[in-house]
Amino acid sequence: MSALAVETRAPVWRRLIGFNLLTAILLGIGGWYFGWWAAHQITGPSIDYFGDTDQNDIALFMGYFVGLLGFLIGLGFGVYPWARLRGYPPSLREKETGGTARYWGLCTDHKVVGIQYLWGIGLFFFIGGLNAMLIRTELLSPTHHVFPAGNYLTLVGMHGTMMMGMFTSGILGPFANYLVPLMIGARRMAFPRIEALTFWLLMAAGTILTTTIFFGGFPTGWTGYQPLNDQANMGMDSYIVFFALVGISMCLLGLNMIATIVTMRAPGLTWSRLPIFCWGVISTAILMVLAAPVLVAVLLMSMLDRTAQTSFFLSAAGGSQYLYENLFWIFGHPEVYILALPGFAIVLELLPVFSRKPLWGYRLAVAGLLGVTLLSWLVWQHHIFVSGINSDLRPFYMLSTELISIPTGFTFICGLMTLWRGNLRFPVPMLFCLAWFFNFLIGGLSGVFLSDVPSDVTTHGSFFSMAHFHYTIMGALVFTFFAAIYYWVPKMTGYMLNERLGKIHFWLMFVAFNSTFGPLFAAGFLGQPRRVVTYQSNLHFINVWVSISAFVLGFSLLIFLANFVWSLVFAKVPAPPNPWGSRSLEWQLPSPVPVHNFDRIPHITSDPYDYGDARGPIAMPAPTGAGGME
Amino acid sequence: MSTNAADTTAIAGAPNHGKRFLTIWIVASVIATPLVAIFLGDLLPPGDASAQATQQVFDNSWLLTISTPIFLFVLILLLYTVFSFRARTTELVDGPPMRGNARIQLLWMIITPAVVLFLAGFGTYELWQSGAGGGQGPNAAFLPAGYKQALDVQVIGQQWAFTYRYPTYGGVETPHLVLPARTLVRLHVTSLDAVHSFWAYQLGVKADANPGVDNVAYVQTKGPEAFDIHCAELCGLWHGYMFDTGHVVASAQFASWIKQQQSYFAPVMKYLPKYSTSYLPDPQRRAG
């Protein structure tokens with residue numbers, strides 16, 4: 001097989017011609033210039049609402065759209081629709097063979113897409129983290145001294161937008177794409193091409209956001225509030241295109257997950273045997289599918305305001321900034337749970353493995369996930385408690401926000417009772433899961449202050465709220481993201497990550513994280529507003545402390561990076577098929593998983609948590625033989 | 001169900017972990033909660049420069065006090081499990097197959113909603129008292145006593161400063177915020193361009209400044225004091241420099257100050273637009 005592949009291998013120059021990443025980048029850049037040039041031919045530079053500037057937003061939008069089209073065509077997304085138009089038979093798989101080259105282009109294998117996501121999102125996570133380091137460098141001094149004020153705001157905006165945008169798919173992209181088919185006993189996702197599309201849309205989006213630095217940056221932070229949005233430089237257009245593409249990618253990703261979990265479960269995998277991780281995925285996916293279109297809509301309206309002289313958000317011309325704030329947070333609050341729910345699910349999925357006990361209160365845990373999914377639609381106006389809208393509805397939003405702590409409490413009690421009287425082991429993934437309890441507890445309790453209107457009057461828009469959502473997102477999502485990496489990367493790559501470096505990474509990150517964001521609660525209580533380049537001199541000590549802790553936090557992530565590269569590229573300690581002794585279906589497969597996952601589709605006989613029950617294996621291993629479909 | 005049976009058989013002979021944990025938690029809570037309430041409660045912001053600020057301190061200290069036993073419950077349970085139930089052997093030994101416990105689940109489903117409903121009721125009651133210093137829009141739903149006699153002061157946010165108009169004193173506009181002591185003040189917060197947020201920290205006031213909107217916040221001042229003003233909503237390039245100091249002064253001093261402002265700004269009054277609850281901004285040019 002391999003000898004044959006070597007024989008028929010074409011020379012390098014020949015392999016570079018065709019639909020691949022190189023073509024995609026060239027067509028993307030070429031398309032951008034074409035769109036930019038063409039738009040300059042049809043529209044003058046001063047069509048925008050605010051009168052004469054030398055900025056041509058239409059040209060920039062056209063550049064991004066044509067560039068994106070070129071990028072996707074270059075990757076080969078047009079090939080299949082074109083073939084179908086010409087009458088070729090349908091197929092479900094594309095470019096799934098060919099060694100490491102598969103990872104550099106369009107590939108419909110869900111395992112390849114999962115690993116692409118892991119590297120892609122990881123790259124942008126580190127860029128976003130670097131922005132945070134620069135922000136903290138600026139805040140070492142109470143006056144502004146390193147960056148000009150505009151660049152500082154661009155850094156703040158890029159950090160927030162990168163993290164909130166790219167990391168919404170932080171768990172579902174790498175881990176759900178890779179694991180959901182393995183956990184439900186399927187050979188692929190429901191829509192393999194859409195799956196690949198979501199990844200490449202996200203990569204295009206991240207690149208587009210980064211190009212904002214060529215067009216003056218943007219001053220609005222990740223929320224992009226109007227009318228500052230309308231007033232901002234051309235760099236704002238990068239933000240709009242970025243977030244709209246993220247929204248589309250998110251929506252498609254969610255649809256794919258729902259369709260896969262609903263329709264492609266193996267025989268015997270009833271809803272009450274579904275791994276809790278899949279429940280977390282489907283809850284998140286429901287939020288993604290319903291929330292992302294609102295985001296795309298509000299960004300399209302912003303785009304029209306900036307280019308076609310509409311005035312959805314300009315009070316001077318009959319619009320309202322409240323419209324933006326409402327639509328943005330109708331997306332934005334579910335977005336927060338899109339980030340949090342996969343974290344809950346990972347914790348509940350991993351705790352049974354490391355405590356050798358069944359998941360305690362499975363139904364209660366599912367109810368918790370679905371309860372958060374439902375309630376997260378009813379709370380968005382707590383983000384605009386002091387904006388002057390609906391002053392009489394604030395008690396309702398206060399109640400609905402606090403009600404979310406009930407289903408969240410279900411997750412806590414299920415997790416803690418799973419630990420209760422277990423035989424606990426503490427490898428690195430378990431440590432990250434335990435840290436989740438601590439971090440999310442602080443995040444949740446500080447949320448009570450923000451949901452209570454009288455307290456929110458002080459804490460709203462201050463560093464208190466900033467510390468709060470870093471506890472809930474970084475402390476919960478990012479910690480569980482690392483738990484998932486240490487836990488599942490052996491399955492994905494076939495190599496173990498170094499345990500000692502992992503422990504150093506964990507402890508340094510845990511201590512530095514709390515030392516960074518804990519004091520920021522105090523900074524907010526003492527009156528430091530968010531997103532400022534200056535602050536009062538009495539807050540100097542806290543800010544220096546926080547900055548130094550943040551640098552240590554950044555350093556702990558470098559340790560992770562070193563561990564990741566060392567373990568996977570140099571040390572290459574082969575992973576046993578089931579290093580954690582898990583009973584879950586994905587660990588019954590060899591590491592790394594073969595292309596077609598299962599020789600024969602398994603029959604599921606229990607849920608993956610029957611530790612101590614001695615009921616036998618989770619699935620009846622099918623006799624070896626010819627594969628089923630496809 | 002068989003799960004409960006398995007539960008009880010496993011307990012026999014072992015120490016009663018449930019009772020032990022509850023004892024630790026109750027003792028820790030009984031000690032820590034009053035300490036938090038007494039020593040940390042008063043340190044919480046925003047101080048007592050106004051009735052609203054005092055009320056917020058009360059709110060914050062209550063929330064912190066209620067949070068203490070909840071925090072301790074999860075933390076102690078987590079630490080208890082981690083220290084008591086660590087695996088003694090290197091080989092994998094399964095724990096008891098506990099799949100749930102109807103009593104604990106039911107208890108949890110009663111207690112957490114009770115706490116949540118109490119918190120929401122408490123917050124609503126506090127809000128009802130006086131509006132808590134938050135911006136309430138043109139038709140404030142929660143009014144403090146005697147709101148009809150309140151002194152009107154308009155706060156105008158623009159990139160990147162706040163100015164203040166006193167409609168009862170001829171609509172004079174000044175760059176300084178001075179308020180009389182022991183007076184109920186009705187702040188009308190509005191903006192001329194982007195969204196700002198007027199935050200008078202020590203007074204416990206925060207209200208977004210929206211173009212075209214009259215956002216009303218009530219504050220009952222106390223004795224003479226200086227207070228910090230920040231913009232708390234990202235409003236563009238110099239957002240970080242949009243801060244100021246305001247003053248609460250004795251009534252007589254306020255009267256002489258406002259007279260002085262009126263005479264000082266008299267020559268430019270004719271260029272000001274007529275006092276209004278909001279001003280439609282001119283179409284803007286692009287800025288940073």
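1. Let's start with the rings: there are 95 aromatic pairs across all chains. Keep in mind that this is a predicted model, with an ipTM of 0.92 and a pTM of 0.92 from the predictor for the complex.

2. One of those pairs is Phe243(A) with Phe331(A), an edge-to-face arrangement with 6.1 Å from centre to centre and 80° between the planes. It ties together distant parts of the chain, since Phe243(A) belongs to helix α11 (residues 235-263) of chain A and Phe331(A) to helix α13 (residues 321-355) of chain A, 88 residues apart. Phe243(A) and Phe331(A) are both buried.

3. Phe344(A) and Phe440(A) are both buried.

4. On to the cysteines. The disulfide count over all chains is zero. For Cys433(A), the closest cysteine sulfur belongs to Cys414(A) and is 15 Å away, which is too far for a bond. Cys433(A) has 0% relative accessibility, so it counts as buried. Cys231(B) is the one I'd look at on screen: its nearest cysteine sulfur, in Cys235(B), is 3.8 Å away, and Cys231(B) is in no disulfide. The cut-off behind that call is 2.5 Å between the sulfur atoms. Cys231(B) counts as buried as well, at 1% relative accessibility.

5. Now the sheet in chain B. Five strands make an open, mixed sheet, ordered β3-β2-β1-β5-β8. The edge positions go to β3 (172-174) and β8 (215-220) of chain B; each has a single partner strand, so one side of each has no neighbour in the sheet. From one strand to the next, the twist averages 25°.

6. In chain B, β1 (residues 151-158) and β2 (residues 161-166) run antiparallel, with five bridges, and Val155(B) faces Tyr164(B) in β2(B). The pairing of β1(B) with β5(B) is parallel, over seven bridges; there, Val153(B) has Leu187(B) as its bridge partner in β5(B). Then β5(B) pairs with β8(B) in the antiparallel sense over six bridges, and Arg186(B) sits opposite Tyr218(B) in β8(B).

7. Which residues of β5(B) point one way, and which the other? Leu184(B), Arg186(B), His188(B) and Thr190(B) point one way, while Val185(B), Leu187(B), Val189(B) and Ser191(B) point the other way. Eight of the eight residues of this strand (residues 184-191) are buried, so β5 of chain B is largely enclosed by the rest of the structure. That includes Arg186(B) and His188(B), which are buried along with the others.

8. There is also a helix against this sheet: α5 (residues 251-265) of chain B lies across β1, β2 and β3 of chain B, at about 95° to β3(B).

9. Finally, confidence. Chain B has an average pLDDT of 89, and 92% of its residues score at least 70. The lowest confidence in chain B is in helix α1 (residues 2-11), with a mean of 44, and the highest is in strand β4 (residues 178-180), at 96. Over residues 1-11 of chain B, pLDDT stays under 50, and the model has 11 contacts beyond four places in sequence for that stretch.

Note on methods
Residues are numbered from 1 along each chain as its sequence is written. Chains are lettered from A and ligands numbered from 1 in the order in which they are written. This is a predicted model: local features need pLDDT of at least 70, side-chain atom pairs count only at pLDDT 80 or more; totals for chains, interfaces and linings use all residues. Side-chain values use heavy atoms; hydrogens and water are left out. Two strands pair if DSSP finds at least two bridges between them. Helices (H or I, at least four residues) and strands (E, at least two) are DSSP runs, numbered from the N terminus. Axes are lines fitted to C-alpha atoms, for helices over the stretch in contact, and angles run from 0 to 180 degrees between N-to-C directions. Contact means heavy atoms within 4.5 Å. Buried means under 20% relative accessible area, exposed over 50%, partly exposed in between (1.4 Å probe, protein chains only). pLDDT is the predictor's confidence in each residue, from 0 to 100. Rings of Phe, Tyr and Trp (its six-membered ring) pair if their centres lie within 6.5 Å; planes under 30 degrees apart count as stacked, over 60 as edge-to-face and the rest as tilted.
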